[in-house]
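Q: I would like to learn how to read salt bridges and helix packing from coordinates. Please go through them one at a time.

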Amino acid sequence: MSKTDLRGLSREQVRSLVLDLGEPAFRGDQVFEWVFAKRVSGFDRMSNVPKSFASHVERVAEIGRLEIQSERKSSEGTTKYLFALRDGQAVESVLIPHRYGMSVCVSSQAGCRMACRFCASAEGGFVRNLTASEITSQVLEIQALLDVHDVRVSRVDFMGTGEPLDNYENVLQAMKVLSDPGGLGIGARKITVSTCGIVPGILRLAGEGMQVTLSVSLHAPDNALRDMIMPVNKRYPLEELLPACDEYAKRTGRRVTYEYVLLLGFNDTAEHARKLSRLLRGRLAHVNLIPLNPVAGGGFERSSQQAVTAFSRELGKAGVAQTVRREMGARVDAACGQLRRRHVDAGRRQVGKRPDQGTEPG
Ligand code: SAH
């Protein structure tokens with residue numbers, strides 16, 4: 001029988017695991033803290049619990065690990081980590097330094113089934129959902145590296161590979177674990193879930209009573225354009241998506257972020273900007289303009305700096321709150337699953353298949 005992975009369990013679940021073993025509940029709290037606050041990798045390190053208790057727990061539970069397969073620092077100070085999973089899959093996470101602290105961008109799935117045309121994660125298709133432990137472990141492994149410098153991860157963004165609301169249960173579970181104040185202590189308000197627009201997931205999340213920040217990948221101001229780049233729009237078109245976002249804002253009191261990646265000549269004209277303003281008028285909204293990371297291919301090119309400025313000016317005139325992500329911004333890099341792509345491609349080459357003939361330069 002496989003052991004339960006403690007890194008995927010909430011405090012209550014660790015407590016009941018311990019109770020089921022006939023041990024007192026407070027020992028569960030101690031284990032939880034050893035795993036998530038003191039971040040030990042072995043039961044032998046839990047110095048305030050009796051040895052007999054530790055070995056009892058170890059018979060049924062383990063502390064999962066993710067192995068760092070590769071690591072790449074960018075000139076902007078971000079570090080991308082490629083983690084190896086037990087079944088040979090790999091997932092990517094990115095550590096991003098900000099003025100206010102460190103954020104980690106995590107993946108929620110190996111691959112993705114949403115097939116957005118401009119996104120690198122779409123190219124290899126969907127492999128599987130990550131477990132809650134595989135999600136929290138991305139943060140734990142990075143935090144463990146930072147512990148040496150006494151630095152804390154203060155935000156987590158679900159903006160890596162995968163569609164978090166397509167792996168709802170495990171993502172929710174991971175958020176509960178991450179936000180426990182006695183563990184990693186990353187409060188719900190410091191967690192962002194980015195979605196391509198899975199309406200039932202948005203509504204469900206609105207009812208969880210967690211003040212998680214919702215970020216919606218909009219990328220087009222009307223259904224016709226959105227249909228062309230995001231297949232999910234055919235299932236959940238704008239007239240369903242936007243009211244769901246409004247509901248989210250109403251129930252959580254949190255402003256929704258709309259991501260808008262500027263694609264040269266496709267969605268980046270002043271007219272598109274005016275349309276977008278009309279769409280968001282009166283909504284509790286903030287727009288994030290993102291320069292395309294062209295590595296993903298998909299036949300699109302990044303908009304010119306002038307187009308970005310003009311687009312932003314149009315939104316400004318209409319009073320839409322917005323930010324323009326800095327050129328090659330860290331989260332843009334993070335979003336694209338490039339390290340994972342490389343890993344997948346290398347795997348393909350190893351088994352003697354032809355590497356992808358994508359449009360990816362370099
Ligand atoms: N599936 C989720 C989260 C992962 S993508 C979602 O769709 O939101 C995180 C963000 O990166 C999304 O806004 C996504 O649209 C954006 N993104 C994907 N590919 C990109 C690219 N090539 N350049 C810039 N942003 C990209």
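The dialogue below takes up salt bridges and then a helix pair.

A: This is a predicted model, in which local features need pLDDT of at least 70, side-chain atom pairs count only at pLDDT 80 or more, and totals for chains, interfaces and linings use all residues. Residues are numbered from 1 along each chain as its sequence is written, and side-chain values use heavy atoms, with hydrogens and water left out.

Q: How many salt bridges does the structure hold?

A: Side chains of opposite charge can pair when their charged atoms come close. The criterion is a side-chain nitrogen of Lys or Arg within 4 Å of a carboxyl oxygen of Asp or Glu. The structure holds 21 of them.

Q: Which residue forms a salt bridge with R7?

A: R7 pairs with E141, with the closest N and O atoms 2.9 Å apart. R7 is in the loop between strand 1 (4–5) and helix 1 (11–20), and E141 is in helix 4 (residues 132–147), 134 residues apart. Helices (H or I, at least four residues) and strands (E, at least two) are DSSP runs, numbered from the N terminus. R65 also forms a salt bridge with E141, again 2.9 Å between the closest N and O atoms.

Q: Is E141 buried or exposed?

A: Buried means under 20% relative accessible area, exposed over 50%, partly exposed in between (1.4 Å probe, protein chains only). E141 is buried at 5%, while R65 is partly exposed at 48%.

Q: At what angle do helix 5 and helix 6 pack?

A: Axes are lines fitted to C-alpha atoms, for helices over the stretch in contact, and angles run from 0 to 180 degrees between N-to-C directions. Helix 5 (residues 168–179) and helix 6 (residues 199–206) pack at about 30 degrees, their axes 12 Å apart.
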